[in-house]
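Student: I am new to this structure and would like to learn how to read its sheet and its core. Could we go through them step by step?

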Amino acid sequence: MVSEKIQRKREDRTNSFSLSVQIPRKSRSKDRDNVFRDLNIIRAYALKNAVEHEGLAVVGNVVPGLFNHGLKKEGVGKIMPLVKDVVAEINGLSVEEQKVLFKKYEDLVGHRVEREGLHALKVGRNGIVTRFSPSASGGFHIGHALTGSLSYLYFKKYGGKFYVRIEDTNPDNSFKDSYKMIKEDSKWLFDGDAEIVIQSERMNLYYKYVEKLIKKGSAYVCECSSEEFKKFVEGKVDCGCRSSSVKENVLKWGQMLDKKGYEVGGAVLRFKSDMTDKNPAMRDFPLARINLNKHPLQGKKYRVWPLMNLAVAVDDIEMKMTHIIRAKDHRDNALRQKMIFEVLGKKFPWTGFLGRIHFKDMVLSTSEMRNGVEDGKFSGWDDVKLPTLVSLRKRGYNPGAFWKFAEQIGLNEIDKKMDKKEFFLMLDGFNRG
Ligand SMILES: [Zn+2]
């Protein structure tokens, strides 16, 4: 239905496209940073909606798009008069005029369109805090692109905070060149929106939490060898170290940190869970170990390194994660981390699991790629034979193609098989569309 007012407007419209609606002066100075205040974004969505619906935009269809640009639910009431004015103005143009004008504004909508393929999440008023956590073993490949993009798309959908957290507390699996590659890949794939955090720069924080856990009686230093401990796990038996007092554990932890104390393999820090847990992986799992190998960033500064579950739990607590998407293979790790959260009285973030994609004929092992690059089998990480992002970027793929791929797969626990040809057919389609 075309209202009288709009009908009248259409009749006496001129051919000039001068748009007269302005941002109210008051809100412009007050909320300068709020992108959704940007009149042009509202125009872009109103034009898109109009072009798609025979010249008539509807306010209710324009507003959802603005959520992608930082509009919060509670801000809708305030922005509404402006949206109404813009929609009325756009509806006053002819369809031809709208089409011409939309070309000018199209980019603002661009990849920020609603992503209907994403399952809805339960989200608080401030959006979500989420992260993508690659290890410092190399640059991103298409596997990273899928998991990372999915978290990123949720951040885009709901707003909040998005971190790329480089997991490098294993000196044996961390390489100097990967930091730069991860930063560049992140900047490209996540449109400059990710905040980069490096775990090895947060060592004191992990140590602080170790002390907390020891003092709570939830962690102990174990001097058993890994073979011995494996037997205890299988037999659901406590090792002798488990009954040490807090005071003894504080002392032994000091000896783990001390150059003159334990040697490599002489002791590990364990989480005191339940040696009869029906899942053997949960039984007093390790939290930290001694590793004297040189770290690419920290050199020989630290001798005790947190293991993944400790570092991840501490960071997820400290960074106030609300939602985490992770590979299904990490289900046990998620349970271990949840135990750490619980003894510290913290609420565990919502966790979504992602099935694995088996690429039948593509190398997706970072160590294999690294070896190939070092041996000269590949000309570099950007070799066209490699499914790395730096290579695909060079070949003309856009970040949006990976986002669409991630959206297509969705937050899905089912494993999939795919071959190279199938994958690239899909990616090519997304790259054009
Ligand atoms: Zn022991």
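**Reading the sheet and the core**

Tutor: Strands E1 and E2 run parallel and are joined by 5 bridges; strands here are DSSP E runs of at least two residues, helices are H or I runs of at least four, both numbered from the N terminus, and two strands pair if DSSP finds at least two bridges between them. This is a predicted model, in which local features need pLDDT of at least 70 and side-chain atom pairs count only at pLDDT 80 or more, while totals for chains, interfaces and linings use all residues. Residues are numbered from 1 along each chain as its sequence is written, and side-chain values use heavy atoms, with hydrogens and water left out.

Student: In what order do the 3 strands form the open sheet?

Tutor: Strands of a sheet pair through backbone hydrogen bonds, either parallel or antiparallel. Here the order is E1-E2-E3, with parallel pairing. E1 and E3 (195–198) stand at the edges with a single partner strand each, so one side of each is left without a neighbour in the sheet.

Student: Which residues touch the most other members of the largest nonpolar core?

Tutor: A nonpolar core is a set of buried Ala, Val, Leu, Ile, Met, Phe, Trp, Tyr and Cys residues joined through side-chain atoms within 4.5 Å, where buried means under 20% relative accessible area (1.4 Å probe, protein chains only). In this core of 44 residues, they are Leu 189, Phe 190, Phe 402, Phe 405 and Phe 423. Helix H7 (142–158) is among the elements that each supply at least two residues, and the largest share, 8 residues, comes from H7.

Key
Buried < 20%, exposed > 50% of the residue type's maximum accessible area, 1.4 Å probe, protein only.
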